[in-house]
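Please keep the sequence and the structure in view while reading.

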Amino acid sequence: CQRESRRASAFSELDLRIKGMASLAECLAAYGEKELMEGHNQFMCGNCHEKNDATRCTQIASLPDVLNVQLMRFVYDAKTYSKRKVKDALPIPAELDFASFGDILSPSLRAKIEAAEADDRDRYRYRLSAVLNHKGQSANSGHYTADVNDRFRDSWWTCDDTTITKGEHPASRPASRNAYMLVYEKVRPSKVVEASSAFPIELPPRLTELVAGTNAEIEKESAEFKSRRAALQEAVDARRAQYERIFRRQGKPATVLTPDTESGVWVPTQWLRCWIAGFPSPELRAALDAGRRGPDSRANESGNRGEPNGDASTSALATGERNNKSDPIAI
């Protein structure tokens with residue numbers, strides 16, 4: 001019945017195929033290509049209620065202030081049943097002028113552009129403001145970086161994790177095999193630029209509140225992390241000092257004891273493991289208390305247990321198992 005059917009839908013980004021494409025202009029042209037619907041894929045017409053051959057395409061009816069261009073760098077591979085990275089190189093243009101892409105624009109938008117004066121046509125021109133990159137051979141791993149433009153200073157910066165360095169314009173580099181998202185900002189008329197340059201940019205209240213809240217959360221998490229790290233370092237330093245106090249005498253290493261040593265105190269392996277790990281142990285407290293009572297009392301206790309007596313501040317470390325029981329360790 002030759003009826004034309006249209007359905008409007010909002011979009012946040014343009015998804016462009018890059019496989020086999022030589023430029024972003026080719027990618028945009030492919031975005032507006034007409035698809036033939038025939039055979040089993042015929043279109044059901046809502047006017048005549050019959051299936052008919054038809055063509056289908058996507059056209060842009062209005063353009064946003066900030067245009068996100070998603071390059072389809074990651075695709076599904078039907079042969080391997082997994083995602084893979086498309087490594088085709090694509091040059092990144094510094095500007096996009098949609099007045100030259102009439103085939104992907106709706107008739108109403110094309111009419112607006114054609115009727116606009118020369119100065120007003122700038123509102124359909126975009127300038128590159130950011131590039132997101134994926135460095136890596138696989139779609140499942142890699143490293144992400146971003147190139148961001150400071151339009152007030154007309155300079156580019158490369159953001160790599162916490163490292164930010166001054167970079168060059170992405171359009172001046174060779175064709176990219178890593179770029180997967182391009183951010184273009186609508187060129188503002190010269191009068192607007194001159195008027196706004198004297199005043200700082202004010203963010204919308206909702207965005208200002210969101211940024212302030214996020215910053216507060218990050219600062220809180222950072223303060224908590226620093227506090228935990230300081231507490232952990234303090235505990236490590238205290239335990240290191242305790243090791244030094246018990247296992248060393250007058251700054252000299254202790255003599256390693258052997259089973260034939262006449263003096264010493266033997267402790268189970270498990271006891272020493274608990275002490276090194278910092279677990280509270282009644283046995284450890286009892287042993288230290290015994291050490292404070294003096295060598296005579298320890299000698300008597302050792303004699304009652306059939307253990308050698310000795311000085312608790314002399315150290316030797318040895319571990320082992322014997323008859324399913326912990327071998328003693330001389331301290």
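Asp77 is buried, at a relative accessible area of 17%. Buried here means under 20% relative accessible area, exposed means over 50%, and partly exposed lies in between (1.4 Å probe, protein chains only). The model is predicted: local features need pLDDT of at least 70, side-chain atom pairs count only at pLDDT 80 or more, and totals for chains, interfaces and linings use all residues. Residues are numbered from 1 along each chain as its sequence is written, and side-chain values use heavy atoms, with hydrogens and water left out.

**Asp77 and its surroundings**

Asp77 sits in strand E7, residues 74–77. Helices (H or I, at least four residues) and strands (E, at least two) are DSSP runs, numbered from the N terminus. A polar atom of the Asp77 side chain lies 2.9 Å from the backbone nitrogen of Lys79. Setting aside residues up to four places away in sequence, Asp77 touches Ser82 and Arg84. Contact means heavy atoms within 4.5 Å.

Tyr81 lies in the loop between E7 and strand E8 (82–85). Tyr81 is exposed, with a relative accessible area of 64%. Its phi is positive, about 55°, although Tyr81 is not a glycine. Asp161 also has a positive phi, near 55°, and is a residue other than glycine. Asp161 belongs to the loop between strand E12 (155–160) and strand E13 (163–167). At a relative accessible area of 61%, Asp161 is exposed.

**The chain as a whole**

The chain holds seven helices and 20 strands. Of its 331 residues, 27% are buried. Among contacts with a separation of 6 or more, 63% join residues 24 or more positions apart. The accessible surface comes to about 23000 Å², and carbon and sulfur atoms own 52% of that area. Accessible areas come from the Shrake-Rupley method with a 1.4 Å probe; for residues, only the protein chains shown count as cover.

**Cores**

In soluble globular proteins, nonpolar side chains tend to be buried together. A nonpolar core is a set of buried Ala, Val, Leu, Ile, Met, Phe, Trp, Tyr and Cys residues joined through side-chain atoms within 4.5 Å. The largest one has 31 residues, and Leu24, Phe98, Leu182 and Tyr184 touch the most other members. Strands E1 (14–16), E6 (66–71), E10 (125–135) and E14 (179–186) and helices H1 (24–31) and H2 (107–115) each give two or more residues to this core. H1 gives the most, with four residues.

Which residues does Leu24 touch, not counting those up to four places away in sequence? They are Leu16, Val69, Leu71, Leu90, Pro93, Leu96, Leu182 and Tyr184. A second, separate core has five residues, including Ile246, Val267, Trp271 and Leu272.

Gln70 lies in strand E6. Gln70 is buried, with a relative accessible area of 18%. Beyond its neighbours within four places in sequence, Gln70 is in contact with Glu13, Leu14, Asp15, Leu16, Tyr180 and Met181.

**Surface and loops**

Leu203, Leu207, Leu210 and Val211 make a nonpolar surface patch of about 330 Å². Patches are made of residues with over 30% relative accessible area and no salt bridge: like charges are joined within 9 Å, nonpolar side chains (Val, Leu, Ile, Met, Phe, Trp, Tyr) within 5 Å. Leu203 is in the loop between helix H3 (190–197) and helix H4 (205–247). It is partly exposed, at 45%.

Asn47 is in the loop between strand E3 (43–44) and strand E4 (51–52). Asn47 and Gln2 are 45 residues apart in sequence and 9.8 Å apart in space, C-alpha to C-alpha. Asn47 touches Cys1 and Arg3, leaving out residues up to four places away in sequence.

**Salt bridges**

The whole structure has 12 salt bridges. A salt bridge is a side-chain nitrogen of Lys or Arg within 4 Å of a carboxyl oxygen of Asp or Glu. Three pairs are tabulated below.

| Pair | Closest N and O atoms |
|---|---|
| Asp150 and Arg153 | 2.7 Å |
| Arg173 and Glu168 | 3.6 Å |
| Asp237 and Arg240 | 3.2 Å |

Asp150 is buried at 15% relative accessibility, whereas Arg153 is exposed at 64%. Asp237 and Arg240 are three residues apart in helix H4, so about one helical turn separates them. Glu95, Arg125 and Arg127 are linked in a network of salt bridges.

Conventions: A polar contact is a pair of N or O atoms within 3.5 Å; within protein, one must be able to donate a hydrogen and the other to accept it, and residues adjacent in sequence count only if both atoms are side-chain atoms.
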